[in-house]
Amino acid sequence: MTSTLKISALTKRFGDLAALGGVSLTVAPGERVALLGHNGAGKSTLMKIILGLIPATGGEVTICDAAPGSPAARRAVAYLPENVAFHPALTGEEQIRHYLSLRGESPSLAMGLLEKVGLGQAARRRIGTYSKGMRQRVGLAQALIGNPRLLVLDEPTSGLDPVSRREFYALLDDLAAQGASILLSSHALTEVEARTDRILILSRGRLVAEGTLSDLRRRADLPVTMHVTARNGYAPDIARALPGAILVDGALHLTCAQTEKLETLGRIAGLGDKVADLEVLPPSLEDLYSHFSQQGAQ
Ligand SMILES: Nc1ncnc2c1ncn2[C@@H]1O[C@H](COP(=O)(O)OP(=O)(O)OP(=O)(O)O)[C@@H](O)[C@H]1O
């Protein structure tokens with residue numbers, strides 16, 4: 001399968017500052033990729049280069065085999081900024097008709113696009129009356145003009161409530177299922193953990209980790225946490241059997257290395273009826289993110 005986006009040894013300097021230092025990555029058709037990084041890590045710089053808004057200092061970027069900013073790349077890529085701004089006096093339909101005309105497409109496609117993002121009912125209301133989630137959907141409808149192969153989304157769900165976030169990701173899932181590639185930046189790690197296929201972590205302009213959540217877990221080799229709830233009166237027995245466990249809110253908490261996980265589970269299983277419940281908590285994306293970002297900062 002050919003990649004929608006290919007980046008190799010990309011560098012960008014602003015004077016003395018190396019905003020990107022040798023970034024290489026690919027995004028396949030239908031893949032949903034999250035780009036994570038602290039403020040100033042280089043996420044926006046990377047997106048601007050992909051969009052052809054600023055030139056790279058070195059390295060190579062292609063979107064569907066075309067150079068960023070070329071007519072072919074501009075047709076293939078769409079962008080949704082964090083805070084979309086539309087004319088409040090226009091209706092959703094009028095706004096999208098306007099963008100379609102600017103792109104040389106038929107304005108009659110507007111309703112279809114708005115229906116695709118769940119705004120069919122509200123299409124004839126003024127955007128000034130829309131919620132933030134609805135405005136973000138107008139932004140997505142605008143980004144979908146011309147069936148882009150790559151969607152670049154800069155913190156697309158920031159400021160949205162949990163239900164709107166879930167609905168927004170469901171829309172992205174549908175687009176990815178139809179073959180669109182999605183590259184999105186986010187600081188909301190929990191939602192990214194569940195809704196993307198691959199994670200990229202940028203730290204000070206360098207890609208310090210890349211892979212699926214399970215790849216990153218394997219590579220980071222962070223300890224696993226277990227919470228063991230004892231049946232009435234058995235907490236001391238369990239504490240004796242699990243050295244290092246500490247009592248927190250009625251449950252015994254312990255951590256062990258990945259390599260000791262199965263042996264520890266065996267010891268807990270051996271306690272039989274003394275155990276009322278067990279929770280095994282693998283490292284979260286937040287744990288992995290701080291692990292890799294710290295490594296990158298060293
Ligand atoms: N036009 C510019 N001139 C000089 N320095 C810049 C310019 N644009 C970005 N930088 C610097 O490049 C680095 C990367 O910035 P960038 O905006 O890409 O980070 P980011 O990861 O998008 O951060 P945030 O999460 O805050 O948006 C920062 O140190 C920033 O100050």
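Me: What share of the contacts in the chain with a separation of 6 or more comes from residues 24 or more positions apart?

Reply: This is a predicted model, in which local features need pLDDT of at least 70, side-chain atom pairs count only at pLDDT 80 or more, and totals for chains, interfaces and linings use all residues. Residues are numbered from 1 along each chain as its sequence is written. Two residues are in contact if their C-beta atoms, placed from the backbone, lie within 7 Å. Among the contacts with a separation of 6 or more, the share from residues 24 or more positions apart is 69%.

Me: How many strands does the chain have?

Reply: Helices (H or I, at least four residues) and strands (E, at least two) are DSSP runs, numbered from the N terminus. The C-alpha atoms of the chain fill a box of roughly 75 × 50 × 35 Å along the principal axes. Besides eleven helices, the number of strands in the chain is 13.

Me: What distance separates the centres of domain 1 and domain 2?

Reply: Domain bounds come from an automatic or database domain assignment. This assignment gives domain 1 as residues 5-218 and domain 2 as residues 223-282. Taken over C-alpha atoms, the separation of the two centres is 43 Å.

Me: What percentage of the residues in the chain is buried?

Reply: A residue is buried if 20 or more other C-beta atoms lie within 10 Å of its own, exposed if 12 or fewer, and partly exposed in between, with C-beta atoms placed from the backbone. Of the 298 residues in the chain, the buried part is 35%.

Me: How many of the nine residues of helix α1 are buried?

Reply: Helix α1 spans residues 43-51 and is mostly covered. Its buried residues are K43, S44, T45, L46, M47, I49 and I50. S44, for instance, is buried because 20 other C-beta atoms lie within 10 Å. Of the nine residues of α1, the number buried is seven.

Me: Which residue follows α1 with a positive phi?

Reply: The phi in question is near 80 degrees. The residue that follows α1 with this value is G52.

Me: Is G37 buried or exposed?

Reply: G37 is found in the loop between β3 (32-36) and α1. Leaving aside neighbours within four places in sequence, G37 is in contact with G42, K43, I201, L202 and S203. Because G37 has 24 C-beta neighbours inside 10 Å, this residue counts as buried.

Me: What distance separates the C-alpha atoms of G37 and S290?

Reply: Along the chain, G37 and S290 are 253 residues apart. The separation of their C-alpha atoms is 9.7 Å.

Me: What distance separates the C-alpha atoms of G233 and P55?

Reply: G233 lies in the loop between β10 (224-230) and α9 (235-241). G233 is exposed, since 8 other C-beta atoms lie within 10 Å. G233 and P55 are 178 residues apart along the chain, and their C-alpha atoms are separated by 67 Å.

Me: Are helices α3 and α5 roughly parallel or roughly antiparallel to each other?

Reply: Axes are lines fitted to C-alpha atoms, for helices over the stretch in contact, and angles run from 0 to 180 degrees between N-to-C directions. Helix α3 (residues 92-102) and helix α5 (residues 132-143) pack at about 25 degrees, with their axes 10 Å apart. Angles under 35 degrees count as roughly parallel, over 145 as roughly antiparallel, 65 to 115 as roughly perpendicular and the rest as oblique. The two helices are therefore roughly parallel.

Me: Which residues of α5 make the contact with α3?

Reply: Helix α3 contributes G92, Q95, I96 and Y99 to the contact. On the side of α5, the contact is made by V138, A141 and Q142.

Me: Which helices do the buried residues of α3 pack against?

Reply: The buried residues of α3 are G92, E93, Q95, I96, R97 and L100. They pack against α4 (110-116) and α5.

Me: Is A9 buried or partly exposed?

Reply: A9 lies in strand β1 (residues 5-14). A9 has a positive phi of about 50 degrees although it is not a glycine. Because A9 has 13 C-beta neighbours inside 10 Å, this residue counts as partly exposed.

Me: Is D65 buried or exposed?

Reply: D65 is placed in the loop between β4 (58-63) and α2 (71-76). Its phi is near 65 degrees, a positive value in a residue other than glycine. Because 12 other C-beta atoms lie within 10 Å, D65 is exposed.
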